[in-house]
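Here is a walk through a two-chain model, with the structure open beside the text.

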Amino acid sequence: MDQPQRIVLAKVGLDGHDRGIKVVARALRDAGMHVIYAGLWQTPEAVVRTVADEDADWLGLSLLSGAHMTLVPRVMELLKQAGLADTGVLVGGIIPEADMPKLHDLGVAKIFGPGTSLDDIVSFVQKPRERTP
Amino acid sequence: MIAALFDRLRQGDRNALARLVSQAARGEHLGEMQAALLPSPSGRGAGGEGNCARVVAFTGSGGVGKSTLIGKLIPLVREQNLKVAVLACDPQSPLTGGALLGDRFRMGNSTDDGVFIRSLAAVSGHGGLAEHLDVIIRLLETFGFDVIFLETVGSGQGDVDVRKYSDVVALLVQPESGDDVQWEKAGILECADVVIVHKSDLPGADQTAAQVRAALDLSMAHAAPVLRVSTKANTGHAELWQTIQVLPARRQQPTAARLLFQAALDSLGQRFDAVERTRDAELEHLADAWRRGESSTPDAINSLLRILTQRI
């Protein structure tokens, strides 16, 4: 049997809007994943530590504050430093189109904007991923 | 691969620890892990691997404040320069296998190297705990944690398995959680080494504490302390941690011989499984004969074991 994938969902920075991330958490749970909800107001350092300790396959970041070009690069850099560059990083929230290529260049696997269907998110993370042992 | 992960674990690589905990939780490579966790033959006598942590379990119904309380105790443990790991169990869906593991966000967002927090999914019917906790606890001990906090799924009156894995069982109750007959029932209250009346800022806390004390006083053997703690009012945590530290460690440390036997047993199961997967003709023949009623079940089992023992 396939083992459930583990995904950390977190909000970094000073952004208190957590309705979206909770809806996504529920959809992923109901799709059979193990969702570690890391909550609001996380620092990039704390998020990366959570990914490490939880041995997560995926990290989903929700950003509605406009600070994505500050916070996401920092998270990507810290993941690399922690030896966790193989984590699949997803970004959800309000990301202007102009910033999307920059985030993809940093290694973000997928960006889900407003109006994304939950099915799209679920089927994206259910694709099997190769991780370093 | 397990050997490489264990090398990294012993060098203090927490990514390796995290990966090994995942594998143990899924029941993968248990035999190899048991073997790798055995004390070295030159080693330290019968007490298992050198480091031995104090395992403190926190149990009680959902919403009583287990995660929040653990979050408040972590800094007290760190003040003493002890390293602390948390294993936080939450339920896994019996329908989808999915789980929302939502304990750690109540425990602070520390990046302190002396703190390791791990969320684990627990299937139902397992006493509110994840599987293979014995191996996971030994992994954490090998990594060097001094204190392990074990948080059960929000659990009810009969979830007493937690006793097996912990030195101290802390039961959390809250004010207004039932009349005095609730405390007379057998089960978790008997197993508690300390009872915490959490949210003791709420009305009724004194009465609840008195009822629990009265119920405990009736039993011959047990005199678990009953403490009032309020995280909202920030009272009682230091006293609680002091109490937990001086309670006797109940957990039976397995002897080295017992650990060796357990490792062999797990390895045996895995090897039998491997033989079974080869669809061995003789095994199939045996199973067919048993299905047709040509051999009794005990005879079939004996023949099966004989064949398997030859094959491994």
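This is a predicted model: local features need pLDDT of at least 70, side-chain atom pairs count only at pLDDT 80 or more; totals for chains, interfaces and linings use all residues.

Helix α1 of chain A passes helix α5 of chain A in a right-handed crossing. A crossing gets that label when the near helix is turned clockwise from the far one by less than a right angle, and it is left-handed if the turn is anticlockwise. Residues are numbered from 1 along each chain as its sequence is written, chains are lettered from A and ligands numbered from 1 in the order in which they are written, and side-chain values use heavy atoms, with hydrogens and water left out.

So how do α1(A), residues 19–30, and α5(A), residues 118–126, pack? Their angle is about 55°, and their axes are 10 Å apart. That makes α1(A) oblique to α5(A). The cut-offs are these: under 35 degrees is roughly parallel, over 145 roughly antiparallel, 65 to 115 roughly perpendicular, and the rest oblique. Axes are lines fitted to C-alpha atoms (for helices, over the stretch in contact), with angles from 0 to 180 degrees between N-to-C directions. On the α1(A) side, the contact is made by A:V23, A:V24, A:A27 and A:L28; on the α5(A) side, by A:L118, A:I121, A:V122 and A:V125. Contact means heavy atoms within 4.5 Å.

## The sheet they lie on

Now look at the sheet. It is open, has 6 strands with parallel pairing, and its order is β5(A)-β4(A)-β3(A)-β1(A)-β2(A)-β3(B). Two strands pair if DSSP finds at least two bridges between them. At the edges sit β5 (110–112) of chain A and β3 (99–101) of chain B, each pairing on one side only. Neighbouring strands are turned by 20° against each other on average, direction ignored.

Both helices lie across this sheet's strands. α1(A) covers β1, β2 (34–42) and β3 of chain A together with β3 of chain B, and runs at about 180° to β1(A). α5(A) lies across β1, β3, β4 and β5 of chain A, at about 165° to β5(A).

## Strand β3 of chain A

Is β3(A) buried or exposed? All 6 of the 6 residues of this strand (58–63) are buried, so β3(A) is largely enclosed by the rest of the structure. Buried means under 20% relative accessible area, exposed over 50%, and partly exposed in between (1.4 Å probe, protein chains only). Both faces are covered, with A:W58, A:G60 and A:S62 on one side and A:L59, A:L61 and A:L63 on the other.

β3(A) has partners on either hand. With β1(A), residues 6–12, it runs parallel over 5 bridges, and A:I7 stands opposite A:W58. With β4(A), residues 88–93, it pairs in the parallel sense over 6 bridges; here A:L63 stands opposite A:G93, and A:G60 faces A:L90. To get from β3(A) to β4(A), the chain goes through helix α3(A), residues 68–81, in a right-handed β-α-β crossover. Right-handed means that, with the strands pointing away from the viewer, the path from the first strand over the helix to the second runs clockwise.

## Chain B in outline

Chain B has 12 helices and 8 strands, and its C-alpha trace spans about 70 × 50 × 40 Å along its principal axes. Of its 312 residues, 48% count as buried. Helix α5(B), residues 133–143, is mostly covered, with 10 of its 11 residues buried. Just after α5(B), B:G144 takes a positive phi of about 115°.

## Loops worth a click

B:H29 is not a glycine, yet has a positive phi of about 55°. This residue is in the loop between α2 (14–25) and α3 (30–36) of chain B, and is partly exposed at 29% relative accessibility.

B:K199, also not a glycine, has a positive phi of about 55°. Its loop runs between β7 and α8 of chain B, and B:K199 is partly exposed at 25%. B:L202 is in the loop between β7 (194–197) and α8 (205–218) of chain B, and is partly exposed at 38% relative accessible area.

Key
Helices (H or I, at least four residues) and strands (E, at least two) are DSSP runs, numbered from the N terminus.
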